[in-house]
Amino acid sequence: MSFLTLDSLSKRYGETTAVDSLDLSIERGEFVSLLGPSGCGKTTTLQMIAGFAVPSDGRIVMDGRDMTDLAPNARGFGIVFQSYALFPHMNVSENVGFGLEMRKIAAPERIRRIRQVLELVRLDHLEDRYPRELSGGQRQRVALARALVIEPPLLLLDEPLSNLDAKLREDMQLELRNIQRNVGTTTLMVTHDQGEALSMSDRVVVMDQGRAMQIAEPFQAYEEPADIFVSTFVGKTNLLEGQVASDGNGRHCFELGHQRIELTGLGVVGNGPVRISIRPERLEMTPRRQGLVDGRVQTRQFAGDHWLYQIDTPVGLLLATCPNCGPAGFNVGDEVGVRWTPDSVRLLSDTPKTAVPVGGVS
């Protein structure tokens, strides 16, 4: 039996359905992220689990116990909010120990647990400081310590890193994940940041319009998107539209203008319009006439660890990335070729299903 189960969980506000029959099972100690754009239902899902919103339908079951109708304070969950919600008049130690005090934990045990969790988040030397005297990353760790000190069965994170600058946010992703692994607390995080979800999670739940479009490990969600939405939301992609046609001998190809891409994977059924997806890092730029298609470099951007190119080709505007191994190999206006391997392409449909590997240009 899974540790946390959402069984056909739904939430409606009048005519608007915020969450639509969500089914999700989370194992003990797992780190799962709800990922999606604003308004997709991820925060509403978290609020229902926390007890701040009442489900319209469905159940929330944790470790065999139905939690659906319990008050928030009866659930015993640890929660880290986007704003951290620290008490400005309390120092670090007092903020962290507030939940223990409300639970009437004896003073010696309270002191022991506060010291233990502050050591865990590396803030034991700042226990007497007030929130205004802390950096953003330190305030975030105080909020995390306050959630962990009560030893919750479930840790809920609501966009916990969104207020941090880019460098600190990246550092805190690693730190937060390491802390979660050390403690072993089952964790559910809400985020709209694809990189954050992919780097931190055991599994991601990609949501859109109140529904789970795909539930998968990060690598699978990126490499094998279930549908067009997942393909375009989780990372960058080149999405090309064309027609599937049969050659009469049981083989199919993808026709895109004058280009023909042979479909060598399984799952191609019938003829008609389809879309294919190719990730930018799977495109290799070559000298002109040495690729599968030719084009002209329209834009070039330096992104630190890689170069980002837009290439105008007969099959459309392609986005390609190249690792930063020195000065850029191609300039704006250069005529180039573009090629890819057969296993780099995914055939997508408008309905959620497993993406199908396809072949190369013929």
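Q: Which residues of helix 5 are buried?
A: In this predicted model, helix 5 is mostly covered, with 11 of its 13 residues buried. A residue is counted as buried when its relative accessible area is under 20%. The residues of helix 5 that are buried are Gly-137, Gln-138, Gln-140, Arg-141, Val-142, Ala-143, Leu-144, Ala-145, Arg-146, Ala-147 and Leu-148.

Q: Against which elements do the buried residues of helix 5 pack?
A: Contact here requires heavy atoms within 4.5 Å. The partners of the buried residues of helix 5 are strand 6 (78–80), helix 3 (92–102), helix 4 (107–120), strand 7 (154–158) and helix 6 (166–183).

Q: How many Å apart are the end C-alpha atoms of helix 5?
A: Helix 5 covers residues 136–148, and its 13 residues should span 18 Å at 1.5 Å a residue.

Q: Is Ser-33 buried or exposed?
A: Ser-33 belongs to strand 3 (residues 31–35). The cut-off for a buried residue is under 20% relative accessible area. Because the relative accessible area of Ser-33 is 0%, this residue is buried.

Q: With which side chain does the side chain of Ser-33 make a polar contact?
A: Beyond four places away in sequence, Ser-33 touches Met-189, Thr-191, Ala-197, Ser-201, Arg-203, Val-204 and Val-205. A polar contact needs N or O atoms within 3.5 Å. At 2.6 Å, the side chain of Ser-33 makes such a contact with the side chain of Ser-201.

Q: How many Å apart in space are Leu-46 and Met-189, C-alpha to C-alpha?
A: Leu-46 sits in helix 1 (residues 42–50) and is buried, with a relative accessible area of 5%. Among the residues that Leu-46 touches are Leu-188 and Val-190. Leu-46 and Met-189 are 143 residues apart in sequence, yet their C-alpha to C-alpha distance is 8.2 Å.

Q: Which elements give two or more residues to the lining of the largest cavity?
A: There are two cavities of 30 Å³ or more, and the largest holds about 70 Å³ of space. Its lining residues are Tyr-222, Glu-223, Pro-225, Ser-277, Ile-278, Arg-279, Arg-282, Asp-343, Ser-344 and Arg-346. The elements that contribute two or more residues to this lining are helix 8 (218–223) and strand 14 (272–278).

Q: How many residues of the lining of the largest cavity are charged?
A: Arg-279, Arg-282 and Asp-343 are among the lining residues. By class, the lining holds three nonpolar and two polar residues, and the number of charged residues is five.

Methods
Residues are numbered from 1 along each chain as its sequence is written. This is a predicted model: local features need pLDDT of at least 70, side-chain atom pairs count only at pLDDT 80 or more; totals for chains, interfaces and linings use all residues. Side-chain values use heavy atoms; hydrogens and water are left out. Helices (H or I, at least four residues) and strands (E, at least two) are DSSP runs, numbered from the N terminus. Buried means under 20% relative accessible area, exposed over 50%, partly exposed in between (1.4 Å probe, protein chains only). A polar contact is a pair of N or O atoms within 3.5 Å; within protein, one must be able to donate a hydrogen and the other to accept it, and residues adjacent in sequence count only if both atoms are side-chain atoms. On a 1 Å grid over the protein atoms alone, a cavity is a set of points where a 1.4 Å probe fits but cannot get out, and a pocket is an open set with protein on both sides within 12 Å along at least five of seven lines; lining residues have an atom within 4 Å of a point. Grid points are joined across faces, edges and corners, and a volume is the space filled by probe spheres set on the points. Ala, Val, Leu, Ile, Met, Phe, Trp, Tyr, Cys and Pro count as nonpolar, Asp, Glu, Lys and Arg as charged, and the others, Gly among them, as polar. The expected span of a helix is 1.5 Å times one less than its number of residues.
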